[in-house]
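User: I have a model open and would like to go through a few of its details. Could we begin with one residue and then turn to the contact between the chains?
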Amino acid sequence: MAEGVARYLCSVAGGRKLKSVKIGLGELQSIDEEVFRFALAELLRVEGCELSEDSVVFVRKPAAFQCRKCGYSWTLNEVGLNDEEREAIHFIPEVVHAYVSCPACGSRDFDVVGGRGVEVVEVVVE
Amino acid sequence: MSGLRRHDEDPRKLLIERRLANVNNVIPVMSPKGGVGKTLISTLMALAIAENNSSVGILDLDVTNPSIHVILNLDPGVKPSEDKGVIPPKVHGIKAMSIAYYTEGKPLPLRGSEITKVVREILAITIWGSLDYLIIDTPPGMSDVHLEILSNVGKARPLVVTTPHILSVYSVRSLLTILKEVGTPIVGLVENMSENPTDVVIDLCREFKIRYLGNVPLESLLALSVGNMTLMKKTRAYSRVAEIIKRLSS
């Protein structure tokens with residue numbers, strides 16, 4: 001994911017200097033902030049587009065769900081996931097539908113309304 | 001100084017072409033009609049390519065109903081390894097990638113937008129390395145998976161499968177029309193479940209100016225060979241698909 005973000009940031013910068021970036025980290029992808037920060041800095045350097053590590057701000061986005069059948073809304077705290085399930089969801093967040101169903105009605109037909117994955121929230125270039 | 005807010009951009013899209021940069025041929029196997037044998041043809045193709053000492057991967061993008069892992073009889077304990085992405089395990093000489101590695105056989109109902117995200121995620125995270133061929137099994141229809149491939153995999157050259165049945169031919173006509181409209185080069189058409197080439201399918205190929213790659217017979221042994229690659233390679237279907245592969249490579 002860091003590779004995609006690095007490429008994207010460089011394309012936005014378009015040769016100008018990156019000043020700061022804000023990146024949303026969705027709870028479902030269970031990204032380690034410091035590992036991501038380090039990887040991003042390295043990848044940006046490889047792409048020829050530097051940005052100091054302290055200019056990256058992460059915003060944690062909690063996972064949130066809403067049932068399409070009964071309308072109930074819930075968070076990950078309300079359901080139990082073991083480590084293997086969390087790891088599977090880390091790779092492909094949509095597989096959450098295999099492990100989670102609506103606590104109110106049991107339906108797997110729900111929307112992930114927040115906290116899916118990594119997103120670039122803001123880029124500031126000089 | 002300028003601040004740019006870009007909620008609509010998806011960084012994963014920038015990775016897809018890079019992940020496929022060293023794959024010479026990307027062949028999505030498509031047919032709008034279900035039950036025409038796309039998955040078995042995909043698997044037979046991959047087996048025949050591997051047997052031919054070419055490097056091959058197979059990607060199951062029938063994400064809500066994956067079955068390549070069942071045909072290949074993948075050991076449930078085998079998972080892709082991780083190193084700056086996901087590296088698919090090699091089975092029967094084929095690098096095999098499927099969402100089934102991550103669902104433990106549980107049902108996975110998904111809405112269209114979620115299917116798009118899954119396809120994008122898998123294409124962005126899977127590290128294929130160098131391959132002569134990547135065969136992509138697709139679900140029936142002409143919707144999210146197919147459109148995502150056509151939009152984001154520039155080197156995709158679909159192979160179309162039909163049976164001689166009039167309903168299948170009717171559906172395939174729509175698919176060919178769409179592919180032609182967007183200028184996607186088509187590898188050719190395979191007539192499956194057919195003892196001999198039929199006029200209706202050959203005429204369709206002529207009409208759309210695409211290659212008729214050959215017919216593949218329907219046989220009970222093929223169904224029995226699911227999960228047993230040794231047996232599968234003894235089927236007439238495998239022999240016919242192997243001939244098609246030789247024709248494609250020549």
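User: Where does Thr138(B) lie?
Analyst: This is a predicted model. In it, Thr138(B) sits in the loop that joins strand S8 (131-137) to helix H5 (144-152) of chain B.

User: Is Thr138(B) buried or exposed?
Analyst: Thr138(B) is buried, because its relative accessible area is 1%, and the cut-off for buried is under 20%.

User: Which residues does Thr138(B) touch, leaving out those up to four places away in sequence?
Analyst: With that exclusion, Thr138(B) touches Pro28(B), Val29(B), Met30(B), Lys38(B), Asp62(B), Val145(B), His146(B) and Ile149(B). As for Val29(B), its backbone oxygen is 2.6 Å from a polar atom of the Thr138(B) side chain.

User: Changing topic: how many residues does each chain bring to the contact between chain A and chain B?
Analyst: Chain A brings 37 residues and chain B brings 32 residues. Tyr8(A), Phe91(A) and Ile92(A) supply 19% of the area that chain A buries against chain B, more than any other three residues.

User: What is the area buried there, and what share comes from carbon and sulfur atoms?
Analyst: About 3200 Å² is buried between chain A and chain B, and carbon and sulfur atoms give 57% of that area.

User: How many salt bridges are there between the two chains?
Analyst: The count is 5 salt bridges between chain A and chain B. Arg116(A) and Glu121(B) form a salt bridge through their side chains, at 2.8 Å from N to O.

User: Which elements of chain A give two or more residues to the side that touches chain B?
Analyst: They are helix H1 (2-13), helix H3 (83-91), helix H4 (96-99), strand S5 (110-114) and strand S6 (118-125) of chain A. By type, the residues on that side of chain A are 18 nonpolar, 5 polar and 14 charged.

User: Which residues of H3(A) are buried?
Analyst: Glu85(A), Ala88(A), Ile89(A) and Phe91(A) are buried in H3(A). These residues lie on the same side of H3(A), because they cover an arc of only 160° around the axis. In general, an α-helix has 3.6 residues a turn, so residues three or four places apart point the same way.

User: What covers the buried residues of H3(A)?
Analyst: The cover includes H4 of chain A, and from chain B strand S4 (81-82), strand S5 (86-87) and helix H4 (112-125).

User: Which residue caps the N-terminal end of H3(A)?
Analyst: Asn82(A) is the cap, with a side-chain oxygen 3.1 Å from the backbone nitrogen of Glu84(A).

Methods:
Residues numbered from 1 in each chain as written. Chains lettered and ligands numbered in written order. Predicted model: local features only at pLDDT ≥ 70, side-chain atom pairs only at ≥ 80, totals over all residues. Heavy atoms only, no water. Contact = heavy atoms within 4.5 Å. Buried area = accessible area lost by both parts, 1.4 Å probe. Salt bridge = Lys/Arg side-chain N within 4 Å of Asp/Glu carboxyl O. Helix = DSSP H or I, 4+ residues; strand = E, 2+ residues; numbered from the N terminus. Nonpolar A, V, L, I, M, F, W, Y, C, P; charged D, E, K, R; others polar. Buried < 20%, exposed > 50% of the residue type's maximum accessible area, 1.4 Å probe, protein only. Polar contact = N/O pair within 3.5 Å; in protein donor to acceptor, adjacent residues only side chain to side chain. Arc of directions from axis to C-beta.
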